[in-house]
Amino acid sequence: MTVDDALRQAMKRLSPYSSSPRLDAEVLLAHTLQMGRASLLAHSVDSMSREQTTAYNALIERRAYGEPVAYLTGHKEFFGLGLLITPDVLVPRPETESVVEACLQALSENEPANLADIGTGSGAILVAVAENRPQIRAYGTDISPAALDVARRNCELYGLRERVTLSVGDLLEPLPERVNVIAANLPYVPPGEATPEVAAWEPNVAVFGGGEDGTALIRRFLAEAPNYLLPGGTVVLETAYSQGVAVSSLAKTAFPTAEVQVLKDLAGYDRIVVVKTP
């Protein structure tokens with residue numbers, strides 16, 4: 001079977017189940033053949049070995065049953081970085097790159113500062129910010145030891161371990177000091193509103209935020225955040241597309257003298273709440 005034939009068959013298999021069958025098929029084939037996606041076209045008439053074909057078909061079947069591509073490959077691109085991903089962590093989404101952008105705007109390129117990433121998961125936000133602000137020190141917290149192990153591996157992958165402290169614990173409680181910027185992409189999905197694929201495959205503790213509207217964790221986080229933020233500091237919080245107004249109101253209550261903005265994510269939704277304190 002040629003590379004082109006394998007792709008066509010895979011796309012046909014995935015079409016009823018995936019919103020991006022061609023992309024999924026290409027990513028999984030590139031992973032199987034250990035080459036970049038851009039190289040597939042140049043090798044379209046090459047023959048695949050029986051072992052490669054068997055391995056690829058197995059991945060396609062798992063994808064057809066809903067398993068996320070990032071779990072199948074163990075890898076996800078985020079903010080121009082290649083991150084290690086396992087089923088112990090939420091798969092990083094493109095909209096979360098807007099959190100990174102807001103954090104970078106709040107941190108000077110030249111002045112030392114510290115950042116806390118609460119509910120760090122894979123460490124996606126923490127690693128992306130630290131890679132682009134080499135003068136900062138960063139803290140990452142998560143309630144899941146398994147998730148922190150993934151974050152630790154990603155920090156090691158980018159040589160950040162000397163500048164990063166990872167701690168198991170509830171929300172901000174593990175932080176040893178006040179920080180300049182607090183970033184948080186906490187669970188915020190209301191009960192019953194996750195897609196079947198997310199509910200079935202991704203860690204529910206990283207998806208569902210609790211309470212009727214999914215903001216229970218966010219409410220608790222905002223109540224605690226003033227005790228951990230330095231004067232003039234910034235909080236950057238990702239919410240659901242329908243929660244921006246409600247969460248900004250909660251932020252104004254927690255930080256009465258702060259400037260609170262709701263920014264649009266890459267898809268144009270009001271999703272990123274930014275709190276700038278005086």
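**Figure 1. Overall fold of the protein chain, with ten helices and nine strands.** In this predicted model, the radius of gyration of the protein chain is 20 Å, close to the 19 Å that the globule rule gives for 278 residues, so the chain is as compact as a globular protein of that length. The C-alpha trace spans about 65 × 40 × 30 Å along its principal axes. Of the contacts that join residues at least 6 apart in sequence, 65% link residues at least 24 apart.

**Figure 2. Strand β6 and its pairing with β3 and β7.** Strand β6 covers residues 179-184, and five of its six residues are buried, so β6 is largely enclosed by the rest of the structure. With β3 (residues 113-118), β6 pairs in the parallel sense over four bridges, and I118 stands opposite A184 of β6. With β7 (residues 229-238), β6 again pairs in the parallel sense, here over five bridges, and the bridge partner of A183 in β7 is V236. In a regular strand the side chains alternate between the two faces of the sheet.

**Figure 3. F79 in the loop between β1 and β2.** Strand β1 covers residues 75-78 and β2 covers residues 81-84, with F79 placed in the loop between them. Most residues other than glycine have a negative phi. The phi of F79, however, is near 55 degrees, a positive value in a residue other than glycine. At a relative accessibility of 19%, F79 counts as buried, because the cut-off for a buried residue is under 20% relative accessible area.

**Figure 4. L171 in the loop that lies between β5 and β6.** This view shows the loop between β5 (164-168) and β6 (179-184), where L171 is found. Although L171 is not a glycine, it has a positive phi of about 50 degrees. The relative accessible area of L171 is 7%, and the residue is therefore buried, given that buried means under 20%. Strand β6, at one end of this loop, is the strand that pairs in the parallel sense with both β3 and β7.

How values were computed: Residues are numbered from 1 along each chain as its sequence is written. This is a predicted model: local features need pLDDT of at least 70, side-chain atom pairs count only at pLDDT 80 or more; totals for chains, interfaces and linings use all residues. Side-chain values use heavy atoms; hydrogens and water are left out. Helices (H or I, at least four residues) and strands (E, at least two) are DSSP runs, numbered from the N terminus. The radius of gyration is taken over C-alpha atoms; the globule rule is 2.2 Å times the number of residues to the power 0.38. Contact means heavy atoms within 4.5 Å. Buried means under 20% relative accessible area, exposed over 50%, partly exposed in between (1.4 Å probe, protein chains only). Two strands pair if DSSP finds at least two bridges between them.
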